[in-house]
Amino acid sequence: MLNTPPIRVLVAKPGLDGHDRGAKIIARALRDAGMEVIYTGLRQTPEMIVSAAIQEDVDCIGLSILSGAHNVIVPRITALLREQKAEDILLVLGGTIPDEDQPKLKENGVSAIFGPGTPLETTITFIREHVKPRGLLIN
């Protein structure tokens, strides 16, 4: 039986938004679900987030955005991931994202958007089902 490494998730609060309660709740829920979680803290730039994701070799980046800056921040993060050849990192978004902005964000590489009130188990299950396999595959 193969021992698969735990899913590694970077939880980040980009921009000037200082409200991190939701990010801390999701970080704890992912950790309690057996994932390794790196929480970057507040006021992260897209460059800081992508750099940390690559250095930490994460499977998933979870962004928490409440500031309304998602239409600027997300395209910058996805562009940086492409530049670093790291598009295989699953990108999910949580926060108050207007319905009309969601299609464009998904076109930009966001795999899922979880709004306020989303059950924690929904987010956990989505990440587990959509993270790309890691390591060597042995037939």
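**Notebook: a look through the predicted model**

I started with burial: in this predicted model, 45% of the 139 residues in the protein chain are buried.

Next I looked at the secondary structure. I found 5 helices and 5 strands in the protein chain. Reading from the N terminus, I noted the order β-α-β-α-β-α-β-α-β-α.

Then overall dimensions. I checked the radius of gyration against the globule rule: for 139 residues a compact globule would come out near 14 Å, and the protein chain has 14 Å, so the two agree. I also looked up the box that the C-alpha atoms fill, which is roughly 45 × 35 × 25 Å along the principal axes.

On to contacts. I took those between residues at least 6 apart in sequence, and 71% of them join residues at least 24 apart.

The protein chain exposes about 7,900 Å², I noted, with 53% of it supplied by carbon and sulfur atoms. I looked up the charges too: there are 15 positive and 17 negative ones, and their mean positions lie 3 Å apart.

Where does E107 sit? I found E107 in helix α4, which covers residues 102-107. Is E107 buried or exposed? Its relative accessibility is 63%, and the cut-off for exposed is over 50%, so E107 counts as exposed. I also checked E107 against P75: the two are 32 residues apart along the chain, and their C-alpha atoms are separated by 9.6 Å.

Methods: Residues are numbered from 1 along each chain as its sequence is written. This is a predicted model: local features need pLDDT of at least 70, side-chain atom pairs count only at pLDDT 80 or more; totals for chains, interfaces and linings use all residues. Side-chain values use heavy atoms; hydrogens and water are left out. Helices (H or I, at least four residues) and strands (E, at least two) are DSSP runs, numbered from the N terminus. The radius of gyration is taken over C-alpha atoms; the globule rule is 2.2 Å times the number of residues to the power 0.38. Buried means under 20% relative accessible area, exposed over 50%, partly exposed in between (1.4 Å probe, protein chains only). Contact means heavy atoms within 4.5 Å. Accessible areas come from the Shrake-Rupley method with a 1.4 Å probe; for residues, only the protein chains shown count as cover. Lys and Arg count as positive and Asp and Glu as negative; His and the chain ends are not counted. The place of a charge is taken as NZ of Lys, CZ of Arg, CG of Asp or CD of Glu.
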